[in-house]
Amino acid sequence: MTGRYLLRRLLAAVGVLWAAFTVSFVVLYLLPGDPVATMASGGLDGEPLPPEQLDALRARYGLDQPVLVQYGRRLLAALTGDFGTSIQNGQDVRSAILGVLPPTLQISVAGLAVAVLFGGTVALVATYTRALWLRQLLMALPSLAVSLPVFWVGLMLVQVFAFGLGLLPSVGANGPAALVLPAVTLGLPTGALVAQVLAKSLSQALGEPYVTTARAKGVGRAGIHLRHALRNAALPALTVLGYVVGNLLAGSVVVETVFTRPGLGRLTVAAVGVQDIPLVQGIVVFAAAVFVLVNLTVDVIYPLLDPRIGATS
């Protein structure tokens with residue numbers, strides 16, 4: 001891996017973070033409404049405060065300054081990790097995000113486990129079986145699962161396993177049982193992506209010369225699949241890891257809403273609803289930072305696993 005390769009990846013990571021901050025700033029300021037007036041009145045339909053009190057609140061949060069000045073000040077503060085305080089409740093943005101992060105991490109990790117288990121199983125069986133109908137059926141499942149809306153999957157699982165069979169709770173975050181349906185809801189679409197990439201990589205790997213050599217040496221089909229083809233096919237699957245993490249973070253917004261779970265997703269919905277600019281920007285940049293960190297880690301690790309990547313970059 002060359003220094004130029006790593007430098008390009010670092011510059012790209014910084015560019016993504018800057019773009020996330022800038023786009024979120026522009027979009028939030030283009031939205032109609034006055035976040036200070038909404039916050040001060042206690043809701044969209046509350047009684048407004050006198051103009052002088054609203055002006056004082058705008059000055060407190062720096063919203064009385066020109067847009068470019070606000071952008072510059074917020075960008076400089078963000079470089080030090082300071083996103084200010086929430087307009088909604090005055091809480092420090094970092095504390096607000098860290099306070100709801102554990103429940104989101106819980107369902108994200110569980111969803112990732114479901115995705116790897118589901119996607120890996122579908123890809124392995126689809127490329128291993130000799131039954132043409134089963135292979136075609138399994139290869140069609142990922143496309144179907146990807147096309148299903150997350151909220152619809154969640155509602156169907158609640159209808160069947162919570163209301164219909166009464167096996168699992170439909171809402172809340174109390175106990176391991178309450179984690180099952182959100183994890184499956186979050187993991188199925190992501191697992192479908194894993195299955196698509198891994199199945200394609202496995203099919204290509206099974207056609208490589210080293211597989212023919214292994215067969216000639218008497219290695220069984222299972223051994224070829226698990227010890228030879230899977231090891232090499234798993235490398236390309238690493239390239240979608242950043243996209244998988246992005247899917248999990250985006251899906252948590254819907255899943256936490258459907259299953260009434262606390263977390264970063266519900267915090268985002270509440271912040272957007274009242275145009276809490278500092279909090280929304282903090283969440284957007286945090287999500288972008290996670291996405292960038294995962295992709296940067298993959299970019300650094302991949303050339304170590306396959307030196308050809310670093311040599312040609």
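**Exercise 1.** Which residues form a nonpolar patch on the surface?

*Solution.* The model is a predicted one. In this model, the nonpolar patch on the surface consists of Phe 151, Trp 152, Leu 155, Met 156 and Val 254. Together these residues have about 450 Å² of accessible area. The next step is to assign the patch to an element: its largest share, four residues, comes from helix H7 (residues 150–164). Trp 152, for instance, is found in helix H7.

**Exercise 2.** Determine how H7 is oriented relative to H8.

*Solution.* Two packed helices are described by the angle and the distance between their axes. For H7 and H8, the axes come within 9 Å and cross at roughly 140°. Only angles over 145 degrees count as roughly antiparallel. The pair H7 and H8 is therefore oblique. The crossing of H7 and H8 is right-handed.

**Exercise 3.** Describe the crossing of H5 with H8 and the residues of their contact.

*Solution.* Helix H5 covers residues 93–128 and helix H8 covers residues 177–205. Their axes come within 5 Å and cross at roughly 40°. An angle has to be under 35 degrees to count as roughly parallel. H5 and H8 are therefore oblique to each other. Their crossing is right-handed. The contact of H5 with H8 comprises 20 nonpolar residues, ten polar residues and no charged ones.

Key. Residues numbered from 1 in each chain as written. Predicted model: local features only at pLDDT ≥ 70, side-chain atom pairs only at ≥ 80, totals over all residues. Heavy atoms only, no water. Axes fitted to C-alpha atoms, helices over the stretch in contact; angles between N-to-C directions. Helix = DSSP H or I, 4+ residues; strand = E, 2+ residues; numbered from the N terminus. Parallel < 35°, antiparallel > 145°, perpendicular 65-115°, else oblique. Left-handed = near helix turned anticlockwise from the far one by under 90°. Nonpolar A, V, L, I, M, F, W, Y, C, P; charged D, E, K, R; others polar. Patch = residues over 30% accessible without salt bridge, like charges linked within 9 Å, V, L, I, M, F, W, Y side chains within 5 Å. Areas by Shrake-Rupley, 256 points an atom, 1.4 Å probe, with all protein chains shown as cover. Salt bridge = Lys/Arg side-chain N within 4 Å of Asp/Glu carboxyl O.
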